[in-house]
Amino acid sequence: MLSMLSIGEGGLWEPRSSSRCLPIPSGMALCQNIGYSAMRMPNLLGHESPAEAVQQSTSWLPLLARECHPDARIFLCSLFAPICLDRFISPCRSLCESVRDSCAPIMSCYGYAWPEILRCDQYPADHLMCISSITNTSVHAHKNKVSDALCLFAVFSVVKLRLTQLKYTPVSLSQFSLASKLDVLKHGPLLGGQIRSHVELWLERDATCVRNMTRHHPRGGTFLVTGTVQGGHLVVNKAYAWQRRDRNLMAAARKWKHHRCRN
């Protein structure tokens, strides 16, 4: 029998009770083909049985389908199906923060907050024994260093576009059509000709998210859209209604458009 861990008052993992090693259930689609086949139970989320872990893990599959972060699966599986070693190995704090920062905006778009049970400050710092990012895509930048963060995070794109409301049709999920002119403030990894097709795919593929982001402007309008490219798809995390009287938005747009990264 192995030592189980729980969260203490300080947010640290502490020994609590006993645990056992079990095969990862074939029904746990979240954690198939992840490089190991046995998990510890109870897991790091307090699930007492494989059946409970399987049931709770299925709610995360739609987020994985959005491909919001390349390490999202390994982060979640380190909690739902922790690898069976001589002790529990939790995710590093930086891994949690990296996944949270990329995926929380997508969850928010669909009306879900990042769960308190996945609060990142409860996990150990990187210099301790923990599971770190396998892609090393996290960005650490001061909140006021937006432009420098854009240089580090090369997959960031910013587009000013106009949306026009469409009449409902059962053939398409999209609520809006895209005007002919796009003002690309930041290309990221996308070429000019690719941006339109990626935005159009976003309008169709994430129609519910688009509707939530534009709910105060159901007839459409001009928006400043920011997002990243994950798994070949544009993942939009913000859509700001374009208003010239909004000085902060205008200043951000100028910075995004004219900033040149330092060598």
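A disulfide here is a pair of cysteine sulfur atoms within 2.5 Å. By that rule, the count is five. One caution before details: this is a predicted model, where local features need pLDDT of at least 70, side-chain atom pairs count only at pLDDT 80 or more, and totals for chains, interfaces and linings use all residues. Residues are numbered from 1 along each chain as its sequence is written, and side-chain values use heavy atoms, with hydrogens and water left out.

Cys-21 and Cys-84 come out with sulfur atoms 1.4 Å apart. Cys-21 sits in strand 2 (residues 13-23) and Cys-84 in the loop between helix 3 and helix 4, so the pair ties together parts 63 residues apart in sequence. Helices (H or I, at least four residues) and strands (E, at least two) are DSSP runs, numbered from the N terminus. Cys-21 is partly exposed, at 38% relative accessible area. The scale: buried is under 20%, exposed over 50%, partly exposed in between, with a 1.4 Å probe and protein chains only.

Next, Cys-31 and Cys-77. Their sulfur atoms are 2.1 Å apart. The S-S torsion is about -110 degrees, so this disulfide is left-handed. Both cysteines, Cys-31 and Cys-77, are buried.

Third, Cys-96 and Cys-120, with sulfur atoms 2.1 Å apart. This link is left-handed too, with -75 degrees about the S-S bond. Cys-96 is buried at 0%, and Cys-120 at 2%.

Last stop, Thr-214. Where is Thr-214? In the loop between helix 7 (207-213) and strand 7 (220-230). Thr-214 counts as buried, at 2% relative accessibility.
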